[in-house]
Amino acid sequence: MHSKTFVKKDLPPGRSTVTELAEFLSQAEQWLEAHAPRRKPTAELQWGEGSDSVALFRNLSFEEERAHIDETRAWQQAKSDAGYGSISWPEEYGGAGLPLSYENAFRRLESGFQTASTHEAVGITLDLVAPTVLAWGDDAQRARYVRPMRRTDEMWCQLFSEPGAGSDLASLSTRARRDGDEWVLDGQKVWTSGAQYADFGYILCRTDPTSERHAGITAFIVPMDAPGIEVRPLRQMTGGSSFNEVFLTDVRIPDANRLGPVGDGWKVAITTLGFERASVTKGGGGGSVGTFMRVSALSRHLGRNDDPVVRQQLAGLYIDGRLRALTAQRAGARLKAGGVPGPEGSIGKLQWTEGMRRTSDCVSTILGPRLVADSGEWGTYAWSEFVLGAAGYRIAGGSDEIQKNIIAERVLGLPR
Ligand SMILES: Cc1cc2nc3c(=O)[nH]c(=O)nc-3n(C[C@H](O)[C@H](O)[C@H](O)COP(=O)(O)OP(=O)(O)OC[C@H]3O[C@@H](n4cnc5c(N)ncnc54)[C@H](O)[C@@H]3O)c2cc1C
């Protein structure tokens with residue numbers, strides 16, 4: 001526990017002086033009590049009660065998804081205004097300037113309350129782009145963009161992948177040509193999550209056409225309503241269209257929108273990919289206790305608990321969840337001790353997607369034909385949205401194969 005006294009100047013009345021972590025948490029709990037209902041413990045999950053959705057990507061129309069994002073933003077804004085939005089972030093950028101341990105403790109407390117579920121566009125804005133702009137932006141860019149991002153007043157998307165550049169991102173070919181004080185962007189991006197709801201894009205372009213691979217790439221900030229940008233949603237096998245193709249034709253942006261030095265875009269991108277992996281180890285998903293409790297309840301409901309194969313699969317799922325939590329704890333402890341993010345990022349991402357794969361296998365065994373035929377029965381066919389969505393996360397944020405390459409080469413020191 002921290003014995004230091006943290007004096008906060010711009011927190012609401014009653015929170016002018018925060019002393020110990022325990023006091024901080026007690027105030028946080030009071031605030032949460034006043035703003036969200038408590039979540040029922042998963043152990044008390046009643047079969048047939050409430051929503052049975054376990055979707056990883058939602059099957060929503062444009063308007064429904066916009067409403068979902070707005071709900072998530074409203075929660076982030078309420079938290080920000082109360083001083084809980086970006087607890088470990090510097091105060092000048094909308095944070096509370098408290099240690100990371102306070103943020104982690106708040107997150108654990110918050111998970112006991114029923115709050116708006118998150119959306120990948122919000123995660124990209126808060127966890128990927130905001131820390132990148134803080135790390136690489138100049139003073140003017142940090143002052144202009146970071147605070148509205150942390151409050152989700154403005155939403156961002158990440159324009160990295162292209163039809164010919166995914167895992168091999170360094171082969172990207174979207175061009176940025178210098179024209180006086182401006183840059184002119186031409187090319188195509190793909191799989192851009194949330195582009196249709198974003199105010200700004202963080203884009204990687206090739207600025208030196210004679211360069212190859214990692215050299216000659218530069219990062220930019222591009223307003224998504226700039227003339228020459230066309231966003232075309234892609235329909236996914238889970239039904240919705242959360243990602244898009246983005247076409248750029250003669251898009252003009254000022255040099256003031258360049259993020260980092262010309263030619264240093266690869267270094268900027270690597271910073272973001274590090275934040276992306278770190279965000280996975282703190283997120284929810286396939287290995288979470290809530291998911292395990294649901295699978296276990298499903299097995300009980302269908303009378304499959306005595307089946308040795310199902311029992312074995314359930315035990316594997318439980319162990320996966322515990323290992324994942326411990327890995328996240330180890331990553332947190334390393335950061336708390338002042339270390340830099342380590343291999344836990346890649347390992348955590350693999351554990352997360354492996355947990356989803358095992359969950360998919362287990363529910364497929366339990367459900368059989370119920371997984372593919374919608375009989376209207378609560379808590380059964382709903383799992384199809386989990387099973388179909390899990391494949392996306394095995395690819396997003398660096399595919400499983402690429403994570404294994406990283407672990408092999410950088411952690412185990414194996415040859416390429
Ligand atoms: C849900 C989701 C959200 C996404 N959101 C965004 C976004 O917001 N912004 C953005 O820019 N991109 C986004 N992406 C794109 C994502 O980053 C890419 O899909 C990913 O990097 C893989 O690239 P690719 O699809 O071109 O596949 P490829 O790179 O063509 O890979 C195809 C297959 O080959 C394997 N492979 C490739 N290279 C190797 C290798 N060296 N060794 C072993 N196996 C290899 C891969 O693992 C994969 O199985 C998203 C993707 C998904 C699924």
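**Around the ligand**

Mentor: Let's begin with the shell around the ligand: β3, β5, α10 (384–395) and α11 each supply at least two of its residues. Keep in mind that this is a predicted model.

Trainee: Which residues come nearest the ligand?

Mentor: There are 18 residues around the ligand, and F160, G166, S167, S399 and E401 come nearest.

Trainee: And how does the shell divide into nonpolar, polar and charged?

Mentor: Eight residues of the shell around the ligand are nonpolar, nine are polar and one is charged.

Trainee: OK, changing topic. How many residues does the largest nonpolar core have?

Mentor: That core has 43 residues, and W156 and F220 are those with the most contacts inside it. At least two residues each come from α4 (120–136), α5 (139–150), β3 (156–159), β5 (182–193), β6 (200–206), β7 (217–223), β9 (243–254) and α6 (265–282).

Trainee: Which of them gives the largest share?

Mentor: That's α4, with nine residues of this core.

Trainee: Back to W156, then. What is W156 in contact with, leaving aside its neighbours within four places in sequence?

Mentor: W156 is in contact with I124, T125, V129 and M149, and also with A198, F200, G201 and Y202. Apart from the core we've been discussing lies another one, of 17 residues, and V54, L314, W383 and A390 are among them.

Trainee: Now helices. At what angle do α9 and α11 pack?

Mentor: About 145°, with the axes of α9 (residues 344–367) and α11 (residues 400–411) 9 Å apart. The crossing of α9 past α11 is left-handed.

Trainee: Which residues make that contact?

Mentor: From α9 you have S346, I347, K349, L350 and T353, while α11 brings D400, Q403, I406 and I407. Four residues of this contact are nonpolar, three are polar and two are charged.

Trainee: What about α1 and α3, how far apart are their axes?

Mentor: The axes of α1 (residues 21–35) and α3 (residues 100–110) are 10 Å apart, and the two helices pack at an angle of about 35°.

Trainee: Left-handed or right-handed crossing?

Mentor: α1 passes α3 in a right-handed crossing. On the α1 side, L21, F24, L25, A28, E29 and L32 make the contact, and on the α3 side S101, Y102, A105, F106, L109 and E110 do.

Trainee: And how do those residues divide?

Mentor: The contact of α1 with α3 has nine nonpolar residues, one polar and two charged.

Notes
Residues numbered from 1 in each chain as written. Predicted model: local features only at pLDDT ≥ 70, side-chain atom pairs only at ≥ 80, totals over all residues. Axes fitted to C-alpha atoms, helices over the stretch in contact; angles between N-to-C directions. Helix = DSSP H or I, 4+ residues; strand = E, 2+ residues; numbered from the N terminus. Left-handed = near helix turned anticlockwise from the far one by under 90°. Contact = placed C-beta atoms within 7 Å. Nonpolar A, V, L, I, M, F, W, Y, C, P; charged D, E, K, R; others polar. Core = buried A, V, L, I, M, F, W, Y, C linked by C-beta atoms within 7 Å. Buried ≥ 20, exposed ≤ 12 C-beta atoms within 10 Å, placed from the backbone. Near = placed C-beta within 6 Å.
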